[in-house]
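Dear colleague,

Please find the structure below, followed by a summary of what was found in it.

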Amino acid sequence: MALTTDHSSPMNRQRSGFARSLDSGFVWGTAAVAIAVGLLLAVIALQVGEDALPAIQKFGLGFLVSSRWSVIDGEFGALTQIYGTIVTSLIALFLAVPIGVGIAIFLSEDFLPPRIKQPIVFLVELLAAIPSVVYGIWGIFVLIPILRPFGIWLHETLGWIPLFATAPAGPGIYAAGLVLAIMILPIIAAISRDAMVAVPAELRQAAYGLGATRWETIFQILLPAGFSGIAGGVMLALGRAMGETMAVTMLIGNANTIDSFSILSQGSTVASLLANQFAEAGGLQISALMYAALVLFALTLVVNILAEIVVRRFSLKL
Amino acid sequence: MTAPDFATARRPGSLNRKPTSPRTLFASAMTVLSIFFTLLALIPLVAVLAYVLANGLSRLDVAAFTQLPPAPGLGGGGFGNALLGTLLTVAIAAVISIPFGVVAAIYLSEFGRDTRLADWVNFFTNVLSGVPSIVIGAFAYAVVVLTTGTFSAVAGGVALAILMLPTIVRTAAEALESVPNDFRQASIGLGATRLQTTLKIVFPAAVPAILTGIMLAIARAAGETAPVLFTASFSQYWNTTIWQPTATLSRLVFSFATAPYPGQQELAWTASLVLVALVLVTSILARLVTQRRHK
């Protein structure tokens, strides 16, 4: 038996050094691009932070608690916008969470045959595909004229509640909140539905076997078991609502002061402030807007990371 | 057993439910409520589509697609430059984001699967997809507009590229991961390198699904307004270079819908119709393609 390798046989052909380094170069190249994509988040934060630096040095944390936004005096504070961002997002969650979870239950359980259920699932997803600016134009010409009489009625009958203390002037926080609710509804519905579908069939069968009705099973077994997914979906929806720009800018009225706590009054959000002022801004105003963008970035970052943690920490372990 | 026997239903141990018991009534009420919620959610979809169709059709003519926007207060004209600008910015975005997104996905799916590095990249990509599009616009403004000194199609393209990147990475990685492992093992067994296996076996098998993801990302980017608002900005004229302010359809809808002129508002509705049609057709096509593949 020959001890030397037969190099003419294709079984024993050695790869050339070039081919081997090309191969490992390819693997490392893809890794480098993947790392670059991951680092993009940090690059965005650092760049926006750098441009915000003059405003951060001038106003410090006072930026967050001052509601004075005056381009003429060079005085900037974003409290009005932070307040508007939080209030519109809370209105949206208040409306969209019960409806979204209700839809998720209806479309995850066997209420309907799959042939009818699947198209409805798709239609609800389509709500998320409509561009924000289209919700905006629809809101201006269709929704606000419908909402306004209802807002006036709310003000006249429940005006003693601070939430409805001002007469609605067309656009306002309530209109922005309602459109936000429509826009985040598909996120809550889709993620909650995934969470409910992922609950093992054994749990349902065991509950039915013990004599529970369908809705006792849903409330006492499925919702607790799918809680992490639903909570994660709600958090993601909150992050989306806080950063949503166009529809809100077109419907909120863009008032840069807090006159009252009424949801019927006009207001602004951090995103709508950026949308309205960035194109014509100069000097310190650009820096102040970058500071506002950084605040919005931080708010959504916290919410999104919490969403990831909620999903990972509390996911159903079986 | 034939018809439910309500007399025996009350007996302990019976399997029949009494239709008037609180438990049954509660269940029925909740069922009705969940049906109501689902119908409620479909109202905005139908209403938006109906109004966009009703208001957009009146100006859906050749002039709308070929002419420049009318001066304030005048009728007629079109959004030809904005249509071209949308195609231009989206094309620039695609050229930037597709190579990066697909190559990163190759690492996540082929070489880094279940490694800590891939976990982190996945995590940051997920978080990136949650960054508000207006903040991405601010970033592109800082990087491109402030350094070049002008609003431009490139600035808009950079913003849209960042917006598209997470979608492309996620869908491409899923597409590559769904290629059966047998393919990889057979290829390596025949003596192919990892480079050959990836480029000649795994990638071609995943191309249709990757393209579906790219189509969805492009359609979504075309409808986005916030990232191009102060990067591509707006223009009443045709583009001669990619380094000048550029009109886009979505930005035109924003400007003209909030303008007090009926002629511009009509064009805004028609441009909305074009955007909605683009997104809906792409979504439905992508769904049909995916369904067929799963069969």
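In chain B, 69% of the contacts with a separation of 6 or more are between residues 24 or more positions apart, a contact being heavy atoms within 4.5 Å. For chain A, 73% of the contacts between residues at least 6 apart in sequence join residues at least 24 apart.

This is a predicted model, in which local features need pLDDT of at least 70, side-chain atom pairs count only at pLDDT 80 or more, and totals for chains, interfaces and linings use all residues. Residues are numbered from 1 along each chain as its sequence is written, chains are lettered from A and ligands numbered from 1 in the order in which they are written, and side-chain values use heavy atoms, with hydrogens and water left out.

Chain B contains twelve helices and zero strands; helices (H or I, at least four residues) and strands (E, at least two) are DSSP runs, numbered from the N terminus. Its radius of gyration is 26 Å, well over the 19 Å that the globule rule gives for 295 residues, so chain B is more spread out than a compact globule. The radius is taken over C-alpha atoms, and the rule is 2.2 Å times the number of residues to the power 0.38. Along the principal axes, the C-alpha atoms of chain B fill a box of roughly 85 × 65 × 35 Å.

Chain A has eleven helices and two strands, in the order α-β-β-α-α-α-α-α-α-α-α-α-α from the N terminus. Its radius of gyration is 27 Å, whereas a compact globule of 318 residues would have one near 20 Å. The C-alpha trace of chain A spans about 105 × 65 × 35 Å along its principal axes.

Of the 318 residues in chain A, 53% are buried; in chain B the share is 51% of 295. Buried means under 20% relative accessible area, with a 1.4 Å probe and protein chains only. One such residue is B:Ser152, which counts as buried because its relative accessibility is 0%. B:Ser152 is found in the loop between α6 (133-148) and α7 (153-177) of chain B. Leaving aside neighbours within four places in sequence, its contacts include B:Val144, B:Thr231, B:Trp243 and B:Pro245.

UniProt, in an unreviewed entry, annotates "domain: ABC transmembrane type-1" at residues 82-307 of chain A; such annotations may be inferred rather than shown by experiment. That stretch of chain A is 74% helix and 0% strand. The UniProt feature of that name in chain B, also from an unreviewed entry, is placed at residues 83-286, where the chain is 79% helix and 0% strand.

Yours sincerely

How values were computed
Buried < 20%, exposed > 50% of the residue type's maximum accessible area, 1.4 Å probe, protein only.
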